[in-house]
Amino acid sequence: MLVLGIESSCDETGVALYDTDHGLLAHQLHTQIAMHAEYGGVVPELASRDHIRRLTPLTQACLQEANKTLKDLDAIAYTQGPGLGGALLAGASFANALAFALNKPVIPVHHLEGHMLSPLLSEHKPAFPFVALLVSGGHTQFMAVRNIGDYVLLGESIDDAAGEAFDKTAKLLGLPYPGGAKLSELAKLGQPGAFSFPRPMLHSHDLNMSFSGLKTAVLTAVNKIKNDNHLTDALPEQTRNDICLEFQNAVVDVLSAKARQALQQTGYRQLVVAGGVGANWQLRQTLSQLPGIQTFFPPMAYCTDNGAMIAFAGAMHLALAQPAGSFNVRPRWPLSDIVH
Ligand code: KG4
Ligand code: ZN
């Protein structure tokens, strides 16, 4: 079965071809980062228009890369939500129009399910069951993954997602959009111990988390330094790097403590980390060293948004049942809706 996957939930247009016998055949991505950078964040209307512009050439490039034609497709999977309404509609319209023209099934995919299953795209992959830590710009959740489509929500952030905290903290430190990855690079230059930030809900005895207080703690520290030193402009570079490191330490501490707890609670020995923050070097390092646990990360290219994870999740659903398909988008779509 050959499935075309379309991702357009935010600021990346991803298109990929997944073959159930031969694996991932092609994968194309266009990132809108440069376009949104001058506004300091994603401008939804610009995002939608750009997805429309990119979808056809990226699909053509994918087919060419895999040496396939539209007639070879067995189904078309697309991200139905969650995400930006207009951006999702661009992908949904494209996928549904193509499916209608080719008389093939269309498979709506939950974006987070795509992320959660993306480590299964690697050669070294986990077996069911496993604990998944989903850490993206919009979500921070622990899931027990018992099989394809069989997920139990174990806990989640009650306010900001970890990626959101990275981005907001980066912004208040004056780093350009998208700040999360930049902040983690600067953390490498930080001196440990120069600051101490809270680990919210570290001892809450459940698997819920909170990251908005951490960002506020950084803001308070920055304001104090600026006031004490009569600074009107940017922080000294070393101070900024020290804050980056200690902020990252706090996030990683909370995520790794909760990951240990999730593994203990379920009795599972495998941990899968997915979503954009899964690209973070310190999180990777720490979670790879959990004793007695095998940790899996998606290949770097599939950590952030991409079409491969949507094509793969679509192919898995196609194998389970012939999808009914429906032409709608779900900008707000809790993963718990597809959870048992
Ligand atoms: O999964 P993703 O590409 O999009 C969403 O579905 O949200 O995740 C994007 C998030 C952003 O918040 C970004 O700052 C964060 O992932 N991110 C990182 C790193 N690379 C991306 N956060 C920390 N360290 C990184 N290296
Ligand atoms: Zn994502």
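These legends describe close-up views of a predicted model.

Local features need pLDDT of at least 70 and side-chain atom pairs count only at pLDDT 80 or more, while totals for chains, interfaces and linings use all residues. Residues are numbered from 1 along each chain as its sequence is written, chains are lettered from A and ligands numbered from 1 in the order in which they are written, and side-chain values use heavy atoms, with hydrogens and water left out.

**View 1. An open sheet of five strands with the order 3-2-1-4-5.** Its pairing is mixed. Strands (E, at least two residues) and helices (H or I, at least four) are DSSP runs, numbered from the N terminus. Two strands pair if DSSP finds at least two bridges between them. Strand 3 (23-31) and strand 5 (106-110) are the edge strands, each pairing on one side only. Neighbouring strands are turned by 20° against each other on average, direction ignored. Axes here are lines fitted to C-alpha atoms, for helices over the stretch in contact, and angles run from 0 to 180 degrees between N-to-C directions. Strand 1 (residues 2-7) and strand 2 (residues 12-19) run antiparallel, joined by six bridges. Valine 3 has tyrosine 18 in strand 2 as its bridge partner.

**View 2. Helix 2 and helix 3 against the sheet and each other.** Helix 2 packs on the sheet and touches strand 1, strand 2 and strand 3 (contact means heavy atoms within 4.5 Å). Its direction makes about 150° with that of strand 3. Helix 3 lies across strand 1, strand 4 (75-81) and strand 5, at about 155° to strand 4. The axes of helix 2 (residues 44-66) and helix 3 (residues 85-102) come within 8 Å and cross at roughly 30°. The two helices are therefore roughly parallel (angles under 35 degrees; over 145 is roughly antiparallel, 65 to 115 roughly perpendicular, the rest oblique). Ser48, His51, Ile52, Leu55, Thr56 and Thr59 in helix 2 meet Gly86, Ala87, Ala90, Gly91 and Phe94 in helix 3. By class, this contact has five nonpolar, six polar and no charged residues. Ala, Val, Leu, Ile, Met, Phe, Trp, Tyr, Cys and Pro count as nonpolar, Asp, Glu, Lys and Arg as charged, and the others, Gly among them, as polar.

**View 3. The zinc ion (ligand 2) and its protein donors.** His111 (NE2), His115 (NE2) and Asp305 (OD) lie 2.0 to 2.1 Å from the zinc ion. Donors are N, O and S atoms within 2.8 Å of the metal (3.2 Å for Na, K and Ca); water is not among the atoms, so sites may look incomplete. Along the chain, the donors follow the spacing H-x3-H-x189-D. Histidine 111 lies in helix 4 (residues 111-117) and aspartate 305 in the loop between strand 10 (294-296) and helix 10 (308-320), so the pair ties together parts 194 residues apart in sequence.

**View 4. An open sheet of five strands with the order 8-7-6-9-10.** Pairing is again mixed. Strand 8 and strand 10 stand at the edges with a single partner strand each, so one side of each is left without a neighbour in the sheet. Strand 6 (residues 130-135) and strand 9 (residues 270-274) pair in the parallel sense over four bridges. Leucine 134 stands opposite alanine 274 in strand 9. Strand 7 (residues 140-147) and strand 8 (residues 150-156) pair in the antiparallel sense over six bridges. In their hairpin, with two residues between the strands, glycine 149 takes a positive phi near 80°.
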